[in-house]
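Morning, everyone. Please put the model up on the screen, and then we can walk through it together.

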Amino acid sequence: MTDALFPEPMAILRIRNETADTFSFDLDARPRGGFRFAPGQFNMLYAFGFGEVPISISGDPLRPGVLTHTVRAVGPVTRALQGLKKGDVIGVRGPFGTPWPVDEAQGKDVLLVAGGIGLAPLRPTIYSVLSRRKVFGRVCIAYGARTPGDLLYTKEIARWRGRMDVQLEVTVDRGDPEWRGQTGVVTKLLRHFDFTPHDSVAMLCGPEVMMRFASRELEGLGMPAPRIYLSMERNMKCGVGSCGHCQLGPTFICKDGPVYPLTQLVRLMSVREL
């Protein structure tokens with residue numbers, strides 16, 4: 001058993017640019033016998049000489065030999081990660097955190113709502129649901145980004161959209177001359193879907209304001225609050241609930257989250273500057 005506070009070295013197999021400031025890399029987990037995780041969990045990634053950051057796992061849980069993360073380069077550590085190349089080694093601690101309720105969703109309609117890079121923590125759930133497609137009801141995916149250039153995984157989105165057993169809608173805040181899709185907030189997409197609100201499970205990830213309004217919209221459509229789950233990913237630092245940096249009310253996001261039922265968060269999300 002590895003020490004939860006000790007980073008394990010892993011080599012980069014592949015790097016892909018997703019957008020102008022966001023990239024994905026695959027780590028080689030085969031030497032350690034694979035890396036098993038549940039959709040929604042995250043790792044602490046260590047860029048040697050720069051520090052650590054919490055990053056959601058965005059790969060396929062059924063491919064344990066490859067550990068995939070999608071990272072937005074917005075600070076010293078993530079920019080250092082962006083500067084690495086195939087064969088370079090980073091440190092990994094994890095997996096940490098609570099997972100999405102994929103098993104609970106069996107037999108029900110599944111609604112996945114993502115904003116911006118929030119699609120990355122939901123992608124393992126999409127892989128998991130589609131790998132066992134027959135045990136779920138209708139599958140609906142709503143994805144929004146600021147501009148067409150900010151959309152992640154565009155080739156996969158095209159494949160998922162082409163399936164007859166998936167409803168997928170994409171919108172952007174601001175289109176460009178070539179954009180032929182929808183514009184507006186992702187919340188407006190929810191009424192387009194054919195699903196049974198009282199017999200569905202919803203999983204939301206993205207900006208908190210988006211999750212707040214999307215939750216209200218889903219409740220307005222008749223979805224029970226206990227069936228709505230959100231991923232909170234702010235301020236995580238140690239990954240084990242020790243440093244207190246990510247405390248949210250009585251909980252620690254890195255240990256008690258990042259995935260919470262709406263019923264647990266609704267009061268906390270209404271408190272200003274909490």
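Start with Asp150 and Arg146. Their side chains meet in a salt bridge, with N and O 3.6 Å apart. Keep in mind that this is a predicted model. Why can such a pair form? Side chains of opposite charge can pair when their charged atoms come close.

Now, are these two partners buried or exposed? Asp150 has a relative accessible area of 17%, so Asp150 is buried, because the cut-off for buried is under 20%. Arg146 has 43%, and that makes Arg146 partly exposed.

How many salt bridges does the structure hold? The count is 17. Let me show you two others.

Next, Arg159 and Glu156. The closest N and O atoms in this salt bridge are 4.0 Å apart. Where do the two residues sit? Both lie in helix α3, which covers residues 154–161. They are 3 residues apart, about one turn of the helix. Arg159 is exposed, at 54% relative accessibility. Glu156 is buried, at 12%.

Elsewhere, there is a network. Arg14, Arg16 and Asp26 are joined by salt bridges that share partners. Zoom in on one link of that network. The side chains of Asp26 and Arg16 form a salt bridge, 2.9 Å from N to O. Arg16 is partly exposed, with a relative accessible area of 30%.

To find your place on the screen, look for Asp28. Asp28 stands opposite Val66 in β5.

Now go to Thr22, which is also in strand β2. Is Thr22 buried or exposed? Thr22 is buried, with a relative accessible area of 1%. The side chain of Thr22 makes a polar contact with the side chain of Asp21, at 2.9 Å. What else does Thr22 touch? Leaving out residues up to four places away in sequence, Thr22 touches Asn17, Thr70, Val71, Arg72, Ile117 and Leu152.

Last stop: Ala20. Where is Ala20? Ala20 sits in the loop between β1 and β2. At 83% relative accessibility, Ala20 counts as exposed. Compare that with Thr22, which is buried at 1%. One distance to finish. From Ala20 to Glu219 is 35 Å in space, C-alpha to C-alpha. In sequence, Ala20 and Glu219 are 199 residues apart.

That's my tour. Over to you.

Methods:
Residues are numbered from 1 along each chain as its sequence is written. This is a predicted model: local features need pLDDT of at least 70, side-chain atom pairs count only at pLDDT 80 or more; totals for chains, interfaces and linings use all residues. Side-chain values use heavy atoms; hydrogens and water are left out. Two strands pair if DSSP finds at least two bridges between them. Helices (H or I, at least four residues) and strands (E, at least two) are DSSP runs, numbered from the N terminus. Buried means under 20% relative accessible area, exposed over 50%, partly exposed in between (1.4 Å probe, protein chains only). A polar contact is a pair of N or O atoms within 3.5 Å; within protein, one must be able to donate a hydrogen and the other to accept it, and residues adjacent in sequence count only if both atoms are side-chain atoms. Contact means heavy atoms within 4.5 Å.
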